[in-house]
Amino acid sequence: MGLEQSDVDAIQRSWEIVKETAKLRVHGINFFELMFEMIPEWREKYFSHLGNKTSAKFRSHATMIMMTLDSWIENLDDLDLVVDAVLRVGQTHADRDILSPQFVEINKVVIAYLQTGLGDKFTEEMKESWIKLLDTVVTIVKDGNAGLE
Ligand code: HEM
C-alpha cells in the first residue's frame with residue numbers, strides 16, 4: 001500500500017483525536033453536512049432516498065461510512081486485510097456507478113473534515129500520510145474496477 005510505519009502512526013494518532021471528540025455517528029452526520037456543502041449536487045444524485053439527517057436511514061448510513069473508515073484505520077497494521085476491505089467497498093459502489101472519480105472527490109471532503117475538526121492538531125505530517133492513504137484507496141478502487149472505467 002506504500003504506507004510507511006510513520007504514516008500509519010500519524011493516521012492512527014489523528015484518528016484517535018477525532019474519536020475522542022465525539023462518537024462516530026456524530027462525526028458521520030457532520031461529515032455528510034460538510035460533503036453536501038462541498039458537493040451539493042450529491043445530495044440529490046446519490047443520497048435523496050436516505051432522507052434528511054433526522055431520518056434513521058440517513059443516520060445509520062452516515063454511521064456506517066465512519067465505521068468503515070474506522071476499521072480501515074484500526075487495521076492498517078494488516079494491510080492485506082485493508083486492501084481487501086477497500087476492494088469490497090469499491091465493488092459495491094461500482095454496482096451503483098460510483099467509481100474512482102467519486103472517491104477522489106470524497107477524499108477531498110475527508111481531508112477538509114479532518115482539517116476543520118482537528119485544527120492546529122492536524123499536522124502537515126498527518127495530512128501527508130492521510131493523502132497517501134486516500135490516494136491508495138483510489139488506486140485500489142480503480143484497479144478493482146478494471147474494465148469498468
Ligand atoms: C471512503 C469512501 C467510502 C466509504 C468508506 C463508503 C462506505 C459505504 C458503506 C459501508 C456502505 C454500505 C454498504 C454498501 O452498500 O457497500 C455504503 C453505501 C453507499 N455509499 Fe458509500 N462509501 C464511500 C464512498 C462513497 C461515495 C464517493 C459515494 C457517492 C458519491 C457513496 C455513496 C453510497 C451510496 C449511495 C450508498 C448506498 C446507501 C443506501 O442506500 O443505504 N459512497 N458506503
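Student: What makes a residue count as being around the ligand, and which residues come nearest?

Tutor: In this predicted model, a residue is counted when its C-beta atom lies within 6 Å of the molecule. There are 16 residues around the ligand, and Tyr46, Thr68, Thr92, Gln102 and Ile106 come nearest.

Student: Which helices supply at least two residues each to that shell?

Tutor: They are α3 (41-47), α4 (56-74), α5 (79-94) and α6 (100-118), and the largest share, five residues, comes from α4.

Student: How do the residues of the shell divide into nonpolar, polar and charged?

Tutor: Ten are nonpolar, five are polar and one is charged.

Student: Why does the radius of gyration agree with that of a compact globule?

Tutor: A compact globule with 149 residues would have a radius of gyration near 15 Å, and the chain has 15 Å, so the two agree. The C-alpha trace spans about 40 × 40 × 20 Å along its principal axes.

Student: What share of the residues in the chain is buried?

Tutor: Buried residues, those with 20 or more other C-beta atoms within 10 Å of their own, make up 19% of the 149 residues. Among contacts with a separation of 6 or more, 77% come from residues 24 or more positions apart.

Key. Residues are numbered from 1 along each chain as its sequence is written. This is a predicted model: local features need pLDDT of at least 70, side-chain atom pairs count only at pLDDT 80 or more; totals for chains, interfaces and linings use all residues. The radius of gyration is taken over C-alpha atoms; the globule rule is 2.2 Å times the number of residues to the power 0.38. A residue is buried if 20 or more other C-beta atoms lie within 10 Å of its own, exposed if 12 or fewer, and partly exposed in between; C-beta atoms are placed from the backbone. Two residues are in contact if their C-beta atoms, placed from the backbone, lie within 7 Å. Helices (H or I, at least four residues) and strands (E, at least two) are DSSP runs, numbered from the N terminus. Ala, Val, Leu, Ile, Met, Phe, Trp, Tyr, Cys and Pro count as nonpolar, Asp, Glu, Lys and Arg as charged, and the others, Gly among them, as polar.
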